[in-house]
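Let's take a walk through this structure together. Have the sequence and the 3D view at hand as you read.

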Amino acid sequence: MPAPISVVIPTLNAAQELPTTLAALTPALTEGLIRELIVSDGGSTDGTCDLAEDLGAVIVSGAPGRGGQLRRGVDVSKGEWLLILHADTHLQGPWIEGLLTHMADAPERAGHFQLRFRARGAWPAWVAGWANLRSRLLGLPYGDQGLFLKRSLHDSVGGYPDIPLMDDVALARSLKGKLSPVPGQAATSAARYEKQGWLNRGSRNLWLLTRYLSGADPHRLAQSYAPKPRPASPSRPQ
């Protein structure tokens, strides 16, 4: 059987994380399960594209914005199945067996992994636990949990919208009633939470989700989501 899976990864200055993310996929490449690796870049300046090309990925370049990047990546894919991953998400556990089982038993559904942060402590466990609960009860997995689905299913619901924020939630809503957990873990970087504070970032994410589900413009939400630059310190009098 030809390798059926195209892996699509959106990137923006991801040179530090991308090698480990791709290395985690090596067993599936060795088994012939993955057909191609596609990196859809949004204008990296840290050598991400050169690194990805050296690792055997197909490079697609364009304007930044995760929704648009994913659309461009999917557009050039040739696999029957799509595995969407963030550049800082490392698959762990029985994820290969999970994908094979999903392909055999639930081809009409989309799958997502259990989220785990690569950090220790109560806050990482609590935030990941809430994300996994939200996915099960509300059918709203975020992109850092990965997404696995047939290309035909992706196309039938319109695919990823070209929006700068909440593209993952928009697609999940289009797939309502067709989402299932897949064995395996999406071990995701905790860097942004650790930098901004677990409670602060978690509260912001929940507030942004609430506003989006209430009809707010994702472009305006993206402006409020972006970290605000610190004001310059006043210069000392000479």
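A salt bridge here is a side-chain nitrogen of Lys or Arg within 4 Å of a carboxyl oxygen of Asp or Glu. Keep in mind that this is a predicted model. By that definition, Lys 150 and Glu 80 form a salt bridge, with their closest N and O atoms 3.4 Å apart. This pair ties together distant parts of the chain: Lys 150 sits in strand 7 (residues 147-150), while Glu 80 belongs to the loop between helix 4 (66-76) and strand 4 (81-84), 70 residues apart. Lys 150 is partly exposed at 22% relative accessibility, and Glu 80 is partly exposed at 44%.

The structure holds three salt bridges. Another joins the side chains of Arg 118 and Glu 17, at 2.9 Å from N to O. Here, too, distant parts of the chain are linked: Arg 118 lies in the loop between strand 6 and helix 6 (122-138), and Glu 17 in the loop between strand 1 (5-11) and helix 1 (18-23), 101 residues apart. Arg 118 is partly exposed, at 28% relative accessible area, as is Glu 17, at 22%.

The salt bridge between Asp 155 and Arg 151 spans 3.1 Å, N to O. Both residues lie in helix 7 (residues 151-156), four residues apart, or about one turn of the helix. Asp 155 is partly exposed, with a relative accessible area of 40%.

Now turn to strand 6. Six of its eight residues (110-117) are buried, so strand 6 is largely enclosed by the rest of the structure. Strand 6 pairs with strand 8 (residues 179-188) in the parallel sense over seven bridges. To find the pairing on screen, look for His 112, whose bridge partner in strand 8 is Pro 181.

Definitions and conventions. Residues numbered from 1 in each chain as written. Predicted model: local features only at pLDDT ≥ 70, side-chain atom pairs only at ≥ 80, totals over all residues. Heavy atoms only, no water. Buried < 20%, exposed > 50% of the residue type's maximum accessible area, 1.4 Å probe, protein only. Helix = DSSP H or I, 4+ residues; strand = E, 2+ residues; numbered from the N terminus. Pairing = 2+ DSSP bridges.
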